[in-house]
Amino acid sequence: MAGKMASRKRKEKAFNVLAFFIVLILAALVLLPIWWIFRSSLMSTAALNEYPPSFIPHEWLWSNYSKALETFEYWTYFKNTFTIIIPAVTFGTITAIFCGYAFARLRFRGKKLIFNICVGTILLPGMVTLIPLYIFWTKGMGLGDTYWPLILPFLTGGGFFNIFLIRQFLMTIPKELDEAASIDGAGRMRILWTILVPSIKPAVVVVGMMLFIQIWNDLLQQIIYINSMSKFTFAIALTNFTGSFGTNWPVALAATFMTILPGIVIYIFGQKSFVEGIVLTGMKN
């Protein structure tokens with residue numbers, strides 16, 4: 001019996017070591033492109049074109065970043081990007097919470113039908129609604145070359161998947177908590193914000209970060225609605241980096257790395273709740 005236990009422990013230890021090295025290799029593959037951009041941004045053009053390429057720069061040219069800032073209006077693009085992201089993520093998260101709460105807790109006529117229709121919209125390709133929405137915002141509302149077409153749609157939760165995610169988390173919380181708080185005199189709003197929302201914090205963080213990533217990478221809609229160079233975001237500005245920097249690729253890559261840095265920093269601060277929310281998604285009691 002003792003021999004079987006020892007053999008089982010050795011197998012578990014070997015499996016854990018193997019799993020650790022697999023995860024380590026996968027993490028290295030994910031981080032390699034980021035490192036390659038960073039190391040390339042600190043090299044000269046001649047060193048960048050060397051073959052075989054060096055994994056670490058022979059000379060760290062931090063001056064490439066100051067040169068990039070001379071041509072690439074980083075802080076203007078930063079301000080423009082977060083002018084869209086902050087209200088859109090805020091509106092999208094709050095409305096996703098309200099809608100998720102309605103589907104999880106409230107009773108109203110046609111609830112299942114509305115929910116099923118909304119679930120069906122997840123399967124609807126964005127390209128189908130792109131032209132009608134463009135006509136509506138530009139011709140109908142006169143909001144062309146403004147940030148409003150990129151912000152106002154998030155008043156509906158930024159997509160039904162976010163609402164669905166909040167709803168699934170709320171379904172895991174016993175309704176007895178609501179009833180007990182109601183007996184104590186708490187209204188629906190107080191129950192939602194003081195009891196339920198703190199209990200689903202991982203889901204709220206996941207929704208916020210997914211909205212952030214969605215807007216951060218949304219080149220198509222930004223390039224459609226924004227025409228003025230003074231209103232360009234990071235996504236649009238990077239499409240023009242070749243023309244801005246010519247063949248000076250190290251400086252261009254320095255600008256590229258600076259644009260992805262805010263996203264990396266935000267993910268580092270929220271990654272614990274983000275991972276927890278992804279793991280717990282859809283789980284029941």
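This report looks at the aromatic side chains of the structure above, a surface patch beside them in the account, and one isoleucine. The model is a predicted one.

Let's begin with the rings. The count comes to 28 aromatic pairs. One of them joins W35 and F55 in a tilted arrangement, with 5.8 Å between centres and 35° between the planes. This pair links distant parts of the chain, since W35 sits in helix α1 (residues 2-41) and F55 in the loop between α2 and α3, 20 residues apart. W60 and W62 make another aromatic pair, this one stacked, at 6.4 Å centre to centre and 20° between the planes. W60 is found in the loop between α2 (45-48) and α3 (63-71).

| Residue | Relative accessible area | Class |
|---|---|---|
| W35 | 26% | partly exposed |
| F55 | 48% | partly exposed |
| W60 | 37% | partly exposed |
| W62 | 51% | exposed |

W62 counts as exposed because its 51% is over the 50% cut-off.

One aromatic cluster takes in W35, W36, F38, F55, W60, W62, Y65 and F257. On the surface, L32, W36, F55, I56, W60 and W62 form a nonpolar patch with about 630 Å² of accessible area together.

Arginines also meet rings here. R39 lies over the face of W36, 3.9 Å from the ring centre, and R167 lies over the face of F115 at 4.4 Å.

Finally, I224 belongs to helix α12 (residues 219-225) and is partly exposed at 24%. Beyond its neighbours within four places in sequence, I224 contacts L130 and Y134.

Key. Residues are numbered from 1 along each chain as its sequence is written. This is a predicted model: local features need pLDDT of at least 70, side-chain atom pairs count only at pLDDT 80 or more; totals for chains, interfaces and linings use all residues. Side-chain values use heavy atoms; hydrogens and water are left out. Helices (H or I, at least four residues) and strands (E, at least two) are DSSP runs, numbered from the N terminus. Buried means under 20% relative accessible area, exposed over 50%, partly exposed in between (1.4 Å probe, protein chains only). Contact means heavy atoms within 4.5 Å. Patches are made of residues with over 30% relative accessible area and no salt bridge: like charges are joined within 9 Å, nonpolar side chains (Val, Leu, Ile, Met, Phe, Trp, Tyr) within 5 Å. Accessible areas come from the Shrake-Rupley method with a 1.4 Å probe; for residues, only the protein chains shown count as cover. A salt bridge is a side-chain nitrogen of Lys or Arg within 4 Å of a carboxyl oxygen of Asp or Glu. Rings of Phe, Tyr and Trp (its six-membered ring) pair if their centres lie within 6.5 Å; planes under 30 degrees apart count as stacked, over 60 as edge-to-face and the rest as tilted. A charge sits over a ring if NZ of Lys or CZ of Arg is within 6 Å of the ring centre and within 35 degrees of the ring normal.
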